[in-house]
Amino acid sequence: MTSLVHKLGLSPTLAFHDVYSLDDPSLLAFVPRPVYALLLVFPVTTSYENAKRAEDASLPEYAGSGKGEEVIWMKQTIRNACGMMGLLHSVCNGAAREMVGPESDLAKLIHDALPLDPASRAKLLETSPAIARAHASAAAQGDTAAPNAEDNVDLHFVAFVKSAKNNLWELDGGRKGPLNRGQLSDADDALSEEALDLGVRKFLKREGGDMRFSLVALAPSMD
């Protein structure tokens, strides 16, 4: 993950770190702070799908664009690309956006995406050579082959990001739009107790503690 976002242009002063516990202070101490975003990987279950449909039924399709947006949200139209979408949502929002190299592929993607509506942003991602190159390169470095677009994959990626206005946003390209999960204080980061209660812990509670959950944090690099 870190290699991919660095190739796209995120500053090497940031990296993704495994989060081994949500409750054990000794394990949480291994994660550098502040945490700018969390990327949750979780199983797509019947209870998840039911909860998503129930919430989305009352929501309009998001149509935001431009500099007035509190977060940049990108609709996913590429199959089996939820990992890439989660990474992009993590690094293109909040304080991490200020740590993107000004002449990088990622900076260009943000610049080009900002004035577009969600459908046009999706087309931008579909046709971006930089995204395709970075994804292929990162997949080639891993131990597991990247899934084909037609494969059925039962794991999903969702980003939780703290915005400049101290809101915790759930960013998932498979939803109708970005979801504001609640207000944080100036002192809270994305791994704070309040942020976890508003976001990740709700997933864990709903799914009954499924052990296939994993969590990574975007935070200062330890190099």
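Modeller: In this predicted model, helix H3 passes helix H9 in a right-handed crossing. H3 covers residues 46-56 and H9 covers residues 200-207, and the two pack with their axes 9 Å apart at an angle of about 125 degrees. Sorted by class, the contact of H3 with H9 holds three nonpolar, one polar and two charged residues.

Turning to the nonpolar cores, the largest has 37 residues, of which Met 74, Leu 88, Val 91, Leu 106 and Leu 218 touch the most other members. If neighbours within four places in sequence are left aside, Leu 88 is in contact with Leu 8, Met 74, Leu 106, Leu 109, Leu 125 and Ile 131. Another core, of 24 residues, lies apart from the largest one, and its members include Leu 22, Val 35, Leu 38 and Leu 198.

Two details of the backbone complete the picture. Most residues other than glycine have a negative phi, and most peptide bonds are trans. Arg 33 and Pro 34, however, are joined by a cis peptide bond, with omega about 0 degrees, and Pro 34 sits in the loop between helix H2 (25-28) and strand S2 (37-43). Asn 166 has a positive phi, near 70 degrees, and is found in the loop between strand S3 (155-162) and strand S4 (167-171). Because its relative accessible area is 13%, Asn 166 is buried.

Key:
Residues numbered from 1 in each chain as written. Predicted model: local features only at pLDDT ≥ 70, side-chain atom pairs only at ≥ 80, totals over all residues. Heavy atoms only, no water. Axes fitted to C-alpha atoms, helices over the stretch in contact; angles between N-to-C directions. Helix = DSSP H or I, 4+ residues; strand = E, 2+ residues; numbered from the N terminus. Left-handed = near helix turned anticlockwise from the far one by under 90°. Nonpolar A, V, L, I, M, F, W, Y, C, P; charged D, E, K, R; others polar. Core = buried A, V, L, I, M, F, W, Y, C linked by side-chain atoms within 4.5 Å. Buried < 20%, exposed > 50% of the residue type's maximum accessible area, 1.4 Å probe, protein only. Contact = heavy atoms within 4.5 Å.
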